[in-house]
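This report covers selected features of a predicted model. Please consult the sequence and structure shown here.

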Amino acid sequence: MIANYSIPPKTYFEIASLGYLLVLYLISFNDPNRTFRSYKLFRFLEVNMILALIVSIMTYTFAYPELGTPIFLCTILRTMDSIMCVMASRVFAVYLLTYVDTKGQFKWISLIGNVLFSSYLILMALNLPLRFILWYEADGTYMHGSLFVPIVFSTPVYYLASGILILISRMKSLGPREKAALSIASFVTLLGTVIQAATNGIILLSLPFGAIGIFVLYFSLETSDYHQLLSNNEKLRLAEQDAIKANRAKSDFLASMSHEIRTPLNAVLGMDELILLATEEKKDSDPKFAGLIKEYAENIQDAGQVLLSVINDILDLTKIESGKMELKPAPYRLHSLINDVGTMVRVKAEQKGLSYVQNTDSSIPDHLIGDELRIRQIMINLLNNAVKYTDSGRIEMDVSMKDLTDSSVCLCICVKDTGIGIKEEDLPEIFGDFQRIDEEHNHKIEGTGLGLSIVKRMLGLMGGEISVTSEYGKGSVFTALVPQQISKELRDAPASEKYKKLGEVITYHTPDCQYLVVDDNRLNLLVATRFLDGLKGHIETARSGEEALQKMRTKKYDLIFMDHMMPDLDGVRTYEMSLEDPDNLNLDSPMIMMTANALSGMREEYLNKGFADYISKPIEINELLRIVKLHLPPEKVTVL
Ligand code: ADP
């Protein structure tokens, strides 16, 4: 009887597809790393497709009563064929959803699908006795009822269509590879189903095209090496998150450390500034004593500034790292800057038995515009290194210029030493972060390996550059090129001493103004009030947020200065509470954040919180005067 059966040509595509799907299944069976979320479903889809192909080939080979197959068996084969196709479309749609529906937002799709699929199965079972979907007549003719198309096609069409629609709506969230693979696989599968339905089953392409879709999915999304890549990417992503967290923790630590160090330093420098002002005032009555005290106070000032610049070094690194380093160009005097730096370095060099020579081209314009603090930092870094890495001989700083125009000049700062030198192979390394070289010789010399990296990056921001030549064992020459603007404003100003009397700095008075200064630190309050004193306004102070809130309820102030870090109620919280306080008389009084929290970006953060302005401690008198004038109504300011 078997001799009656022959494989019909229309199943050849299906047989070929079955062959290559089996090969695919076998070669991928032992794939390692089969952990990716879609993989189980993919294997299930493969198995489903293989079974559907087997059932389909069997159906089109055996389900013919005229060849001797019992009608009951023919009906069962036809039913199974339909069920396997519907199952395959269902698994395919669920597979698509695993890519686009990570949080189960499309549960309702499976819910409707489950209802449709269960109804379909029940109807197919009922069809066996009732014969209203598909059946065989007694003469062996295969028949479809009018419900055949809606019942047999509605479920797979629903699954494929909803899967594809959601895929289209979520395209943006997919990577290029996923996009291409899922779209091609869906399109090919849908095409096969449409061709098969349109030709009324004469061309059997639904399953072969589905098999091609599976191939596309396998080679693009399901190979073990791709899964490995995905899991490595995931590990990298997690590691990156950890690194970001660690970096944030470092920044937080630096922020609090900077505050802890800057607060007392602010007090020291502020008090020292007061001493300097006092010596000016005493100069006439006791010049000898005033001169001595002035000298001591200036030394404290210089050392304090160096300490401040060490803290700033650490802060700078965070700023540069986060791309938030802001240069603050302002008019300054180059020659006094060079002399300041020279005086400081000379002491250090001489302490080590080194001679220090400084040559400055006197024709360089003195009045420049640039970030004085940063240029000082660059010079000090290079000179400190020269002193650090030289045991005998001399240190030299030559400052010359090139490209002089009416409005700009390029400074060439050349720092030479007769020190240990740098090996040629180490030269490219020295500008890297935390890069220290020749550690066996240098291990006794203190250093972080940050100085040159900051110098290089800062020069980069200024549009300058740095180069180095060195002979190992003989010495090094560092040359920094710094473009600067020439200041017209300062050019004609009379030469003034660094520390003027407070009275000379002050250009306006505010006799009718009420100031409130809030700070838990007594010395900080003293410094701030001493500066404000010069403006001739009425100053009140508060040592805590609570006290400040209390005062704001009883009096209207023109300007309020608020410290950030205070025990109990900090400055930001005090500000927020003052806004909610119905008895506050100062809702529209500008509040200035006055804090040692000098991390980059803080200014924006405070302004975003609603503060009118920000001044960093240690307070610079000129900055304070600028801010006060900016925030007071012009009628309250009497220009002197
Ligand atoms: P630090 O001095 O804190 O180690 P720097 O970034 O300033 O860090 O310098 C990086 C490295 O470059 C130093 O560790 C040192 O080996 C080398 N270096 C810098 N300046 C000199 C110099 N003038 N002479 C010799 N070596 C130097």
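## Helix 6

Buried positions in helix 6 include E178, A181, L182, A185 and S186. V188, T189, G192, T193 and Q196 are buried in this helix as well. Just after helix 6, N200 adopts a positive phi of about 55°.

## The loop residue D31

D31 sits in the loop that lies between helix 1 (12-27) and helix 2 (39-62). Its relative accessibility is 13%, and because buried means under 20%, D31 counts as buried.

Which residues does D31 contact, leaving aside its neighbours within four places in sequence? They are Y39, Y218, E222 and S224. D31 and D225 are 194 residues apart along the chain, while their C-alpha atoms are separated by 9.1 Å.

## Surface of helix 2

V47 is a residue of helix 2. With a relative accessible area of 31%, V47 is partly exposed. On the surface, V47 forms a nonpolar patch with L51, I54 and M58. Together these four residues have about 280 Å² of accessible area.

## Domain layout

The domain assignment divides the chain into domain 1 (9-222), domain 2 (333-497) and domain 3 (502-639). Between the C-alpha centres of domain 1 and domain 2 the distance is 75 Å.

Note on methods. Residues numbered from 1 in each chain as written. Predicted model: local features only at pLDDT ≥ 70, side-chain atom pairs only at ≥ 80, totals over all residues. Heavy atoms only, no water. Domains from an automatic or database assignment. Buried < 20%, exposed > 50% of the residue type's maximum accessible area, 1.4 Å probe, protein only. Helix = DSSP H or I, 4+ residues; strand = E, 2+ residues; numbered from the N terminus. Contact = heavy atoms within 4.5 Å. Patch = residues over 30% accessible without salt bridge, like charges linked within 9 Å, V, L, I, M, F, W, Y side chains within 5 Å. Areas by Shrake-Rupley, 256 points an atom, 1.4 Å probe, with all protein chains shown as cover. Salt bridge = Lys/Arg side-chain N within 4 Å of Asp/Glu carboxyl O.
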